[in-house]
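Here is a short note for a colleague opening this entry for the first time. Please read the points with the model in view.

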Amino acid sequence: MAYVVTDNCIKCKYMDCVEVCPVDCFYDGENMLVIHPDECIDCGVCVPECPAEAILPDTDLPATSAWLALNHQYASSWPNITRRKTPPADADAWNGVPGKFDAHFSSEPGDE
Ligand code: SF4
Ligand code: F3S
């Protein structure tokens, strides 16, 4: 089991999560973060820190969900992030908007 970052992180990217992870397993994309599922130790401390409630245990995902694979894929190519940066100015406006992956996912790395 591991925790993974899901749709509502996109364009919110608050980054409170990275400050509490004891094993520094968050990776930085242009408009979201992912968790490396093989590095996550399942401690769960990042879950309540996320204002977007975007971090879920993979056991809570639908069987058809691609989020576990996506976290694994991009954790291997995006840079590690251990310090919170300034979130997007319009992060709160995007919190809860449905369907962000289809409309707004970016495979580009962040600038960490
Ligand atoms: Fe890091 Fe723990 Fe969150 Fe996994 S569950 S990403 S180890 S803070
Ligand atoms: Fe994303 Fe929540 Fe972290 S919005 S960057 S998973 S605090």
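1. Basis. This is a predicted model, in which local features need pLDDT of at least 70, side-chain atom pairs count only at pLDDT 80 or more, and totals for chains, interfaces and linings use all residues. Residues are numbered from 1 along each chain as its sequence is written, chains are lettered from A and ligands numbered from 1 in the order in which they are written, and side-chain values use heavy atoms, with hydrogens and water left out.

2. Helix H2. Take Asn71 first. Asn71 sits in helix H2, residues 67-75. Helices here are DSSP runs of H or I with at least four residues, strands are E runs of at least two, and both are numbered from the N terminus. Asn71 has 0% relative accessibility, so it counts as buried. Buried means under 20% relative accessible area, exposed means over 50%, and partly exposed lies in between (1.4 Å probe, protein chains only).

3. Neighbours of Asn71. Leaving aside residues up to four places away in sequence, Asn71 touches Val4, Val5, Val34, Ile35 and Pro37. Contact means heavy atoms within 4.5 Å.

4. One face of H2. The buried residues of H2 are Trp67, Leu70, Asn71, Tyr74 and Ala75. Viewed down the axis of H2, these buried residues fall within an arc of 120°, so they line one face of the helix. The arc is that of the directions from the helix axis to the C-beta atoms. The buried residues of H2 pack against S1, S2, strand S3 (33-35) and H4.

5. Salt bridges. The whole structure has 4 salt bridges. The term means a side-chain nitrogen of Lys or Arg within 4 Å of a carboxyl oxygen of Asp or Glu. Asp28 pairs with Lys13, and their closest N and O atoms are 2.7 Å apart. This pair links distant parts of the chain: Asp28 is in strand S2 (residues 26-28), while Lys13 is in the loop between strand S1 (3-5) and helix H1 (16-20), 15 residues apart. Asp28 is buried, at 0% relative accessibility. Lys13 is buried too, at 7%.

6. Lys85 forms a salt bridge with Asp28, with closest N and O atoms 2.7 Å apart. Those two residues are 57 residues apart, Lys85 lying in the loop between H2 and helix H3 (91-94). Lys85 is partly exposed, with a relative accessible area of 21%. Lys85 also forms a salt bridge with Asp111, again with closest N and O atoms 2.7 Å apart. Asp111 lies in the segment after helix H4 (100-104), 26 residues from Lys85. Asp111 is exposed, at 66%. Salt bridges that share partners join Lys13, Asp28, Lys85 and Asp111 into one network.

7. Aromatic pairs. There are 5 aromatic pairs in the structure. The rings of Phe101 and Phe105 have centres 4.9 Å apart and planes at 35°, so this pair is tilted. Rings of Phe, Tyr and Trp (its six-membered ring) pair if their centres lie within 6.5 Å; planes under 30 degrees apart count as stacked, over 60 as edge-to-face and the rest as tilted. Ring pairs link Trp67, Tyr74, Trp78, Phe101 and Phe105 into a cluster.
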